[in-house]
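Hello,

Here is the structure I promised to pass on to you. Please open it and keep it beside this email as you read.

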Amino acid sequence: MTAKGLCRTGQLALAGTGLALVLIPNGMRFTGYFLLGVLVVWQCGMCLHRWGKTSRRGAAFFRVFLVGVSLGAVCLAGIESAIVFRGEADNSAIPVDAVIVLGAGVNGEEPSAALWSRIRAAADYLEGRPDIPVVLSGGRGPGEDISEAEAMRRALWKDGGEGNGRYLLEERSTNTAQNFAYSKALLEEYGLDTGTATVAVVTNDFHCFRANMIAQRQGLETIDVPAELPWWWLTANYYLREAFAVVKTALLD
């Protein structure tokens, strides 16, 4: 097959895979949009390359394009490396004064895969820490019959009420910044000095880096308790999406 044929085959593969991921419900819509974006960039590069063969201005634009794509790829790789590194940290030996469990999606009244992974990680982490306050943080969104905090409460509360008094429900938040703002207020009402406390944050591994960024802006000193998703393809999708979310948080939030 010629180089032109390989190029066309690659573009068709990108288009087909991207459209399939966008249109078929599978939890990987962002990856689909990313692949379609790569296809658009590829097409733009080909057009500039053809223009560069016939024009000095076109050649200059093509060089600028290549530099921009290279810088973008390096930045994406750097952000992903930071996200992966943060999500693999083991902080289990560090003493903490409180725990915040960040909510995730609820399907009706059933926790999503992401939320179940956080619930399991929280249960494991809290097993040997019976006396510290725990904020279950997450409001009610579209398609959710109960709040994310309530879904976590149902999974974590023990029969008979032993130790249930330390769980504080935060049911107003709709994003991570609100998770921390409202949880911080609840902990202060509970009597914790959040200015000097160390707070463990239970969230998915791919979310740890950005959650720490946002927590610092709220004046909280945090450590991560990473929760792994059960399916690698969902994890890959969320890691990819999270890199762009980190840029948005850094520049706009």
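Below is what turned up in it.

This is a predicted model, in which local features need pLDDT of at least 70, side-chain atom pairs count only at pLDDT 80 or more, and totals for chains, interfaces and linings use all residues. Residues are numbered from 1 along each chain as its sequence is written, and side-chain values use heavy atoms, with hydrogens and water left out.

Let's begin with the whole chain. Its secondary structure comes to 8 helices and 7 strands (DSSP runs numbered from the N terminus: helices are H or I with at least four residues, strands are E with at least two). Along the principal axes, the C-alpha atoms fill a box of roughly 75 × 35 × 30 Å. Of the 253 residues, 43% are buried (buried means under 20% relative accessible area, exposed over 50%, partly exposed in between, with a 1.4 Å probe and protein chains only).

Next, two residues to look up. Leu 23 lies in helix H1, residues 3–23, and is exposed because its relative accessible area is 64%. Cys 75 sits in helix H3, residues 56–87, and with a relative accessible area of 48% it is partly exposed. Between Cys 75 and Trp 157 there are 82 residues in sequence and 43 Å in space, C-alpha to C-alpha.

Finally, find helix H7 (residues 208–217) and helix H8 (residues 232–251), which pack at an angle of about 15° with their axes 9 Å apart (axes are lines fitted to C-alpha atoms, for helices over the stretch in contact, and angles run from 0 to 180 degrees between N-to-C directions). That makes H7 roughly parallel to H8 (angles under 35 degrees count as roughly parallel, over 145 as roughly antiparallel, 65 to 115 as roughly perpendicular and the rest as oblique).

Enjoy exploring!
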